[in-house]
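Please view the sequence and the structure together.

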Amino acid sequence: MRSIRCLAAIFLCCLMVFFPVLAVSTASDVSGSATVAADGSCLVDLTVTLQLDSPREGLAFPLPIDAEDVQIN
């Protein structure tokens, strides 16, 4: 049951990441992986490459409140 919740969380996170971005431009490269440990913790690695037509202000990247070690560059 715990792994199903983790997979559902991953799916929802992916939706939250891509939904606002799709309205702005396109993702030219997307890769992701998820590792679920025996204790139920989950590590998600998601890399997205965006090609923007012009400079944009106010891009939003929604993340879970308890997300750790997040890098956006």
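## Burial and confidence

A residue is called buried under 20% relative accessible area, exposed over 50% and partly exposed in between, with a 1.4 Å probe and protein chains only. Of the 73 residues in the protein chain, 8% are buried.

The model is predicted: local features need pLDDT of at least 70, side-chain atom pairs count only at pLDDT 80 or more, and totals for chains, interfaces and linings use all residues. Residues are numbered from 1 along each chain as its sequence is written, and side-chain values use heavy atoms, without hydrogens and water. The pLDDT, the predictor's confidence in each residue from 0 to 100, averages 75 over the protein chain, and 81% of the residues score at least 70.

## Elements

The protein chain has 1 helix and 2 strands, in the order α-β-β along the sequence. These elements are DSSP runs numbered from the N terminus (helices H or I, at least four residues; strands E, at least two). Where pLDDT is low, the predicted coordinates should not be read in detail.

## Pocket lining

The lining of the largest pocket comprises 30 residues; Val 44, Asp 45, Leu 46, Leu 63 and Val 70 lie nearest the pocket's centre. A pocket here is an open set of points on a 1 Å grid over the protein atoms alone, where a 1.4 Å probe fits, with protein on both sides within 12 Å along at least five of seven lines; lining residues have an atom within 4 Å of a point. At least two lining residues come from each of H1 and E2.
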